[in-house]
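Subject: A structure for you to look at

Hello,

Here is the structure I promised to pass on. Please open it alongside this message, and I will walk you through what turned up.

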Amino acid sequence: MKSTVRALLQRGVPSDFANNIASIGYTLDKLKQINTEKLVEMGFSQETADIINKEKRPPIPSNVLNKVLYESNYSCCICKKNKEIIVHHIVPWEESKSHHEDNLVVLCLEHHGEAHTKHELSLNLTRERLLHAKRQWLEEVKEINKNLILDLPKPAFSFFDYFNINRLCELFEQRGINLCELSNYDYLFDAGFINKDGSFKPILKWNVSSRDIKYYWIGFFEGTYINRYIKDGFQSLLKKMDPIILNDIWNKSQIEALITPGVFFVVQGAFYFKNISGKYGGIGQQTKGYRRANGIRIEFEFDSWYCNSSSSKSHLSGRSVITAYCISRSVIKSENELIVFCTVLAIGNGFENITNGRSFISQYVYKDEEEELDEMDFDEHEIE
Ligand SMILES: [Zn+2]
Ligand SMILES: [Zn+2]
């Protein structure tokens with residue numbers, strides 16, 4: 001049913017109206033069988049009725065629609081309000097024949113009306129003004145998403161269970177994070193854990209008892225200082241990365257449109273973890289983690305020796321609700337599953353939940369056909 005809403009948005013129908021039509025049981029196929037006069041009586045505009053019934057223009061490709069909606073936060077780029085929206089062609093279709101994302105802009109009905117009104121007033125929504133407003137709004141949305149992610153570890157009881165220390169160190173360097181400014185830098189330098197430039201000395205050469213690093217890498221007194229140091233570095237890094245937030249877009253078409261290799265994304269929800277190495281001490285405790293729901297699977301592997309505490313190690317076994325920060329490596333579509341293989345940068349526990357009160361449009365447009373979101377099945381065999 002929800003795919004009907006998307007199909008209608010692809011054909012220029014406003015979002016709430018599309019949702020009403022879908023909720024009373026119409027599908028695109030059914031609508032195609034209704035003549036245009038009747039469609040107009042039902043409340044479609046003449047233009048959208050022609051598009052649906054006579055296929056006057058091809059629909060906006062769904063991956064383009066998905067991207068445009070997500071990047072605009074499902075909101076009008078003029079008033080920035082999360083109300084009924086429509087996808088508008090900046091240069092009209094008749095003229096441009098272009099569904100390119102650069103030619104599309106999300107508008108509320110009021111501003112859509114204005115964009116189609118030619119009047120003498122200087123406040124008219126010209127193409128230039130639309131383009132400018134869109135560009136600005138997209139930047140703002142990126143900033144909003146970034147801040148949302150930065151605020152996640154706010155609750156006092158929240159904790160990073162895991163950092164991908166090797167990958168993070170690479171990123172710190174690539175993104176120019178000044179490690180000397182991080183908390184505990186002086187302490188860790190004096191104690192001999194880090195070099196002058198803030199990079200870690202070889203971990204296995206740290207002057208710590210092998211007993212203290214048997215189960216996880218920082219099981220000694222200074223470990224909490226190291227954890228804090230990396231956490232600080234990670235937060236600095238997040239200020240320089242634009243996240244895609246998967247909570248909002250947990251459906252195949254949206255993920256396919258947005259998650260290409262190399263994309264940074266954050267996902268929250270129930271994951272399953274399983275040690276696949278058979279090793280429970282020392283380096284190389286390879287662990288597989290995955291979240292699977294609605295035919296989508298997010299999967300990564302990591303060494304749980306790098307967990308930040310022994311309780312972190314137990315959080316990251318079996319089923320656990322977590323926040324995962326990932327970089328996509330490949331997206332594979334099998335017959336009934338879309339699998340995103342990724343590198344996990346960090347895993348958090350007890351974090352703020354992003355979805356509350358966000359993107360109400362995405363909630364009805366993008367929850368796919370299946371109703372259950374958190375249907376997990378944990379099949380021991382399948383992991384082998
Ligand atoms: Zn508006
Ligand atoms: Zn329009």
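One definition before the tour: a residue is called buried if 20 or more other C-beta atoms lie within 10 Å of its own, exposed if 12 or fewer, and partly exposed in between, with C-beta atoms placed from the backbone. Glu55 has 11 C-beta neighbours inside 10 Å, so this residue counts as exposed.

Please keep in mind that this is a predicted model, in which local features need pLDDT of at least 70 and side-chain atom pairs count only at pLDDT 80 or more, while totals for chains, interfaces and linings use all residues. Residues are numbered from 1 along each chain as its sequence is written, and chains are lettered from A and ligands numbered from 1 in the order in which they are written.

On confidence: pLDDT is the predictor's confidence in each residue, from 0 to 100. The protein chain has a mean pLDDT of 89, and 91% of its residues reach 70 or more. Over residues 359-384, however, the pLDDT is below 50, and this stretch has 47 contacts in the model beyond near neighbours in sequence. A contact here is a pair of residues whose C-beta atoms, placed from the backbone, lie within 7 Å. Where pLDDT is low, the predicted coordinates should not be read in detail.

Back to Glu55, which sits in the loop between α5 (46-54) and α6 (62-71). Helices (H or I, at least four residues) and strands (E, at least two) are DSSP runs, numbered from the N terminus. The phi of Glu55 is near 45 degrees, a positive value in a residue other than glycine. Asn294 has a positive phi too, near 55 degrees, and is found in the loop between β6 (286-293) and β7 (296-303). Asn294 is buried, because 20 other C-beta atoms lie within 10 Å.

Now have a look at strand β1 (residues 85-89): five of its five residues are buried, so the strand is largely enclosed by the rest of the structure. Ile85, Val87 and His89 are on one side, with Ile86 and His88 on the other. Five bridges join β1 to the antiparallel strand β2 (residues 104-108), where Val105 stands opposite His88. Leu107 is in contact with Ile85, Ile86 and His88, among others, leaving aside neighbours within four places in sequence.

Finally, Ser199 lies in the loop between α11 (185-190) and α12 (223-238), and touches Cys169, Leu179 and Ile194, not counting residues up to four places away in sequence.

Enjoy exploring!

How values were computed
Contact = placed C-beta atoms within 7 Å. Pairing = 2+ DSSP bridges.
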